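We will go from one selection to the next.

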Amino acid sequence: RMREKGITNSGVLIQGIDPGYFFPIKTPKSPEKFVLFSGGKFEPRKGQDLVLDAFKALQDKYPDMVLVNCWHNLWPQSMDLMASSKWIHYERKGKNWAEIMNHIYALNGLDAERIFTIDLVPNETQRDLYRKTDLGIFPNRCEGGTNLVLMEYMACGKPVVGAYSTGQRDVLSKENALLLEDI
């Protein structure tokens, strides 16, 4: 489209994963726990309020259910938009990331002992984290491009449940994921 308008010093850069870090994992599942994974900045666009609401129902029904998340958000303004969610109670209170998130979990009746809140970690260590989980949850409301964390998780051969909308449509299909077609 840019070239059609006379802009010639441009090119296409397709977002992708590094196959040196992200490739299929063959790890036996732990019989003691079922571990969900959710990633992306904690903000409404990424849908973590939906994850927390769903996890509340799951933790109340299944004692072996655990949630691991990588939701660290360096931009409090976008995080504070969670106050408009009809799915969770939100208040940013605490001295560090873990305290802030544990306060949100408490506000929503979640068992913080069954939620592992990961701080920022180097990209090359994410695969080891994914290895310890059973299912990725990506109910994202809006992805301007594709979803890099989703693509990395899937490249590791892990199953996902994901919103079939916006940029995630470029990655997800009925053949490779359980699609959330109506959020």
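**A walk through the salt bridges**

Start by selecting K41, which is partly exposed, with a relative accessible area of 23%. (Buried is under 20% relative accessible area, exposed is over 50%, and partly exposed is in between, using a 1.4 Å probe and protein chains only.) This is a predicted model, in which local features need pLDDT of at least 70 and side-chain atom pairs count only at pLDDT 80 or more, while totals for chains, interfaces and linings use all residues. Residues are numbered from 1 along each chain as its sequence is written, and side-chain values use heavy atoms, with hydrogens and water left out.

(A salt bridge here is a side-chain nitrogen of Lys or Arg within 4 Å of a carboxyl oxygen of Asp or Glu.) The structure holds nine salt bridges.

Zoom in on K46 and E143, whose side chains meet in a salt bridge at 2.6 Å, N to O. K46 sits in the loop between β1 (34–39) and α1 (48–61) and E143 in the loop between β4 (135–138) and α5 (148–155), so this pair ties together parts that are 97 residues apart in sequence. (Helices, H or I of at least four residues, and strands, E of at least two, are DSSP runs numbered from the N terminus.) Both K46 and E143 are buried.

Next, select R141 and D49: their side chains form a salt bridge of 2.8 Å, N to O. R141 is in the loop between β4 and α5 and D49 in helix α1, 92 residues apart. Are the two partners buried or partly exposed? R141 is partly exposed, at 33% relative accessible area, whereas D49 counts as buried at 2%.

**Along helix α1**

D49 leads us to the rest of its helix, so show α1 whole. With 14 residues, α1 reaches 20 Å from its first C-alpha to its last, close to the 20 Å expected at 1.5 Å a residue. (The expected span is 1.5 Å times one less than the number of residues.) Its buried residues are Q48, D49, L50, V51, L52, F55 and Q59. They pack against β1, β2 (65–70), α3 (97–107), β3 and β4, where contact means heavy atoms within 4.5 Å.
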